[in-house]
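Please keep the sequence and the three-dimensional view at hand while reading.

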Amino acid sequence: MTPDLISRVDAVLPGALADLKALIAIPSVSSQPEHAADVRASADQIAGWLRDIGCPSVQVVAEPVTPGGPLGQPAVIASFPAPEGQPTVCLYAHHDVQPTGDVARWTSPPFDAVERDGRLVGRGSADDKGGVAAHLATLRAFDGKPPIGVKLFIEGEEEVGSPSMQAILGVHHDELAADLFVIADSTNWKVGTPALTTTLRGIADCVVEVSTLDHGLHSGGFGGLVPDALTCLCRLLATLHDERGNVAIEGLTSSQAPDVDYPLDRLQSETDKLDGVEWIGDGSVAQRNWNSPACSVLAIDTTRIADASNTLIASARAKVSVRVAPGDTAVNAQAALKKHLLSHAPWGAHVSITDGQEGEPGIIPVDGPCAQATIAALREAWGVEPVMIGQGGAIPLTSELQAAFPGAEVVVTAVGDPGSRTHSLDESLDLGDWRNAVIAEVALLAALTR
């Protein structure tokens with residue numbers, strides 16, 4: 001990495017930071033229909049910036065979620081053609097974001113980016129508009145003329161499970177083809193230390209409905225004889241874990257976690273677990289967090305306390321999610337979850353299942369030449385050795401890209417850190433690490449030049 005390239009990065013960062021703040025200001029919450037126009041506006045803004053950089057091919061695309069069905073959220077696909085004899089890299093990030101939760105609990109408005117103590121606070125700062133802005137800054141550092149071919153794939157529905165991803169990869173296969181895919185959507189090891197993600201858990205979820213009655217009954221007249229659906233649902237959900245908190249669903253598999261020092265006091269600082277609440281499960285932190293399945297109850301539909309009456313509830317529903325360990329499959333996990341729920345109904349309660357999202361876990365090799373070049377670029381940018389880590393979250397795109405482009409390499413990088421509070425209140429991005437991420441990406445493109 002030459003001093004000239006670092007100077008170019010520092011020259012473009014102020015403008016890229018201003019664009020990141022402008023992008024955060026667009027509430028592109030893909031899970032909420034009322035923000036559909038905002039998701040489109042976010043895609044259009046990114047496309048406009050790419051045209052301003054001089055990108056010769058920029059399009060905003062949307063493909064059906066199912067054949068003949070509704071369109072998915074808009075994505076941006078752009079291309080800087082490779083000079084003769086040069087390889088092509090596809091840079092991925094996503095521009096959609098999670099809902100804010102209780103806005104009153106944020107220390108500043110979630111869509112009004114604020115710099116505070118060396119961090120940028122705002123929804124999407126780390127997940128993943130910071131990744132989008134890093135890609136834009138990289139291209140600007142080369143004055144819109146990268147030394148190798150560069151494609152950009154900026155997705156608009158990652159936070160809802162990428163339902164139209166298969167259609168996008170099918171229809172736009174040639175437009176996305178590359179020698180290396182850089183997915184800037186994970187987490188670094190800590191502030192000041194970069195990471196490459198080598199394993200990812202997948203996801204499989206469903207909605208389970210428990211019914212015991214045709215209609216509600218007087219709880220005084222029939223309670224003690226007739227089981228109510230909510231009590232049955234609670235007992236059913238309690239069977240998902242053993243007394244130690246290990247997942248008790250038969251048929252799920254685990255894989256071996258890397259030998260990484262991940263102490264419980266660090267986990268405490270990352271989670272802010274309340275005093276006295278115990279950790280659950282067995283094994284090392286890395287094993288439980290990255291390479292073993294997890295199961296969570298995400299939501300329950302039942303009578304609100306404000307609407308409660310002395311009535312036995314006839315039916316109740318819950319959304320249950322399994323994080324699928326690397327080496328397992330989402331299809332297997334979905335089947336195992338369904339079998340467990342159907343076979344553990346208490347007192348003969350009727351149980352029905354509606355399948356939900358499925359996303360495959362990922363194993364990402366780092367022994368290829370492009371991955372090794374990425375490791376060298378991270379080392380150069382941060383000045384320390386990058387850590388090879390797993391992630392408990394899912395990025396199903398990794399396995400989908402591996403399947404769609406079997407001759408290509410995939411690496412999973414990051415702009416955020418464990419303190420970024422992604423998906424939570426006061427999400428933030430360390431601006432020093434963000435600068436380093438841009439430097440690393442610039443160094444990678446320069447290093448891949450033949």
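The model is a predicted one.

## Aromatic rings

Y92 belongs to strand β3 (residues 88–94) and F153 to strand β6 (residues 149–155), so the contact ties together parts that are 61 residues apart in sequence. Y92 is buried, with a relative accessible area of 2%. F153 also counts as buried, at 2% relative accessibility.

Another pair is formed by W189 and W290. The centres of their rings lie 6.5 Å apart with the planes at 70°, so this pair is edge-to-face. W189 is located in the loop between β7 (180–187) and β8 (195–200), while W290 is in helix α9 (residues 285–291), so parts that are 101 residues apart in sequence are tied together by the pair. W189 is buried at 11% relative accessibility, and W290 is buried with a relative accessible area of 3%. Both tryptophans belong to a cluster in which ring pairs link W189, Y262 and W290.

Charged side chains also meet aromatic rings. R266 places its charged end over the ring of W189, 3.9 Å from the ring centre. In a further contact, K273 lies over the face of W279, at 4.5 Å from the ring centre.

## Cavities and a pocket

The search of the whole structure finds two cavities of 30 Å³ or more. The table gives their volumes and the make-up of their linings.

| Space | Volume | Lining residues by type |
|---|---|---|
| Largest cavity | about 130 Å³ | 10 nonpolar, two polar, one charged |
| Second largest cavity | about 40 Å³ | five nonpolar, one polar, three charged |

Which residues lie nearest the centre of the largest cavity? They are L378, T413, A437, A440 and E441, out of 13 residues that line this cavity. The elements that give two or more residues to this lining are β7, α11 (369–382), β17 (409–416) and α13 (431–447). The most comes from α13, which gives four residues.

The second largest cavity is lined by Y92, E155, E158, S162, M165, I395, P396, L397 and E400.

An open space, the second largest pocket, has a volume of about 190 Å³. It is lined by 13 residues, and those closest to its centre are G161, S162, E358, G359 and E400. S162 and E400 also belong to the lining of the second largest cavity. At least two residues of the pocket lining are supplied by each of α4 (165–171) and β14 (350–359). The largest share, three residues, comes from β14. By type, the lining of this pocket divides into five nonpolar, five polar and three charged residues.

## Cysteines

How many disulfides does the structure hold? The number is zero. Two cysteines illustrate the distances involved. For C232, the closest cysteine sulfur is that of C234, at 9.3 Å, which is too far for a bond. C232 is buried, at 0% relative accessibility. For C295, the closest cysteine sulfur is in C206, 8.5 Å away, again too far for a bond. C295 counts as buried, at 8% relative accessibility.

## Backbone features

Most residues other than glycine have a negative phi, and most peptide bonds are trans.

D127 and D128 are joined by a cis peptide bond, with omega of about 5°. D128 is placed in the loop between β5 (119–121) and α3 (129–141).

D272, a residue other than glycine, has a positive phi near 55°. This aspartate is in the loop between α8 (264–271) and α9, and D272 is partly exposed, with a relative accessible area of 48%.

R421 likewise has a positive phi, near 55°. The loop between β17 and β18 (428–430) contains R421, which counts as partly exposed at 40% relative accessibility.

Definitions and conventions
Residues numbered from 1 in each chain as written. Predicted model: local features only at pLDDT ≥ 70, side-chain atom pairs only at ≥ 80, totals over all residues. Heavy atoms only, no water. Buried < 20%, exposed > 50% of the residue type's maximum accessible area, 1.4 Å probe, protein only. Phe/Tyr/Trp six-rings, centres within 6.5 Å; stacked < 30°, edge-to-face > 60°. Lys NZ or Arg CZ within 6 Å of the ring centre and 35° of its normal. 1 Å grid on protein atoms, 1.4 Å probe; cavity = no way out; pocket = protein on both sides within 12 Å on 5 of 7 lines; lining within 4 Å. Points joined across faces, edges and corners; volume = space filled by probe spheres on them. Nonpolar A, V, L, I, M, F, W, Y, C, P; charged D, E, K, R; others polar. Disulfide = S-S within 2.5 Å.
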